[in-house]
Amino acid sequence: MKEILREIGMIARALDSISNIEFKEHDLTKGQYLYIVRICENPGIIQEKLAEVIKVDRTTAARAIKKLESNGFIVKQEDKHNKKIKKLLPTEKGKAIYPFIKRENDYSNTVALEGFSESEEETIFKLLQRVRKNIEKDWEFVKKGNKRNYRLWKGDDI
């Protein structure tokens, strides 16, 4: 079996490392840029939904959101109808950094897909979406406190 997830992991870690280095001068630490992007693209998103979109647990999201809020990138706003709901919104500082983060992401996409035809890019995109959807099923299952049953896995007869 090809180590596809290992390749995906190496790509993700390399890109994350590049981003963390480049965004350090903007007072963004490990992975915070992801939160800013999602909040700018979905103003008013709630913390639980944001954690789900980014694929992190609620505690990790809460820590990152608190740090972004204290650094002035985002604000929490009470919902008019339900005071328990806190909507996340970018501040002017958050909105100002968004184009820089987006530009870095677009550049990384261009570098990653260099030499690929438009058809190949579309194929990679569709295949990776399928991989993500397959993994999301297990992520949801495990996130709810369940354990995956490896004994039923067809790879056992290797």
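In which helix is Ile 4 found? Ile 4 belongs to helix α1, where helices (H or I, at least four residues) and strands (E, at least two) are DSSP runs numbered from the N terminus. This is a predicted model, in which local features need pLDDT of at least 70 and side-chain atom pairs count only at pLDDT 80 or more, while totals for chains, interfaces and linings use all residues. Residues are numbered from 1 along each chain as its sequence is written, and side-chain values use heavy atoms, with hydrogens and water left out.

**Overall architecture**

- The protein has six helices and three strands, arranged from the N terminus in the order α-α-β-α-α-β-β-α-α.
- Along the principal axes, the C-alpha atoms fill a box of roughly 55 × 40 × 25 Å.
- Of the 158 residues, 23% count as buried; buried means under 20% relative accessible area, exposed over 50%, and partly exposed in between (1.4 Å probe, protein chains only).
- Contacts (heavy atoms within 4.5 Å) between residues at least 6 apart in sequence join residues at least 24 apart in 50% of cases.
- The protein exposes about 12,200 Å², of which carbon and sulfur atoms supply 55%; accessible areas come from the Shrake-Rupley method with a 1.4 Å probe, and for residues only the protein chains shown count as cover.

**Helix α5**

- Helix α5 comprises residues 92-112, 21 residues in total, and reaches 31 Å from its first C-alpha to its last, close to the 30 Å expected; the expected span is 1.5 Å times one less than the number of residues.
- A kink of about 25° lies at Tyr 98, shortly before the proline Pro 99; the bend at a residue is the angle between axes fitted to the seven residues ending there and the seven starting there.
- Tyr 98 is also among the buried residues of α5, together with Gly 94, Ile 97, Ile 101, Glu 104 and Ser 108.
- These buried residues pack against α1 (4-23), α2 (32-41) and β3 (86-90).

**Helix α2**

- Gln 32 lies in helix α2 and is buried because its relative accessibility is 4%.
- Leaving aside residues up to four places away in sequence, Gln 32 touches Asp 27, Ala 64, Lys 67 and Leu 68.

**Nonpolar surface patch**

- Ile 4, Leu 5, Ile 8, Leu 128 and Ile 135 make a nonpolar surface patch of about 440 Å².
- Patches are made of residues with over 30% relative accessible area and no salt bridge; like charges are joined within 9 Å, and nonpolar side chains (Val, Leu, Ile, Met, Phe, Trp, Tyr) within 5 Å.
- Helices α1 and α6 (118-143) each supply at least two residues of the patch, and the largest share, three residues, comes from α1.
- Ile 4 counts as exposed because its relative accessible area is 51%.

**Salt bridges**

- The structure holds 13 salt bridges, each defined as a side-chain nitrogen of Lys or Arg within 4 Å of a carboxyl oxygen of Asp or Glu.
- Arg 38 and Glu 41 form one, with the closest N and O atoms 3.9 Å apart; the two are three residues apart in helix α2 and therefore separated by about one helical turn.
- Lys 126 forms a salt bridge with Glu 122, the closest N and O atoms being 3.9 Å apart, and both lie in helix α6, four residues apart.
- Asp 138 and Arg 148 pair with their closest N and O atoms 3.0 Å apart. This pair links distant parts of the chain, with Asp 138 in helix α6 and Arg 148 in the segment after α6, ten residues apart.
- Salt bridges that share partners join Lys 55, Arg 132 and Glu 136 into one network.
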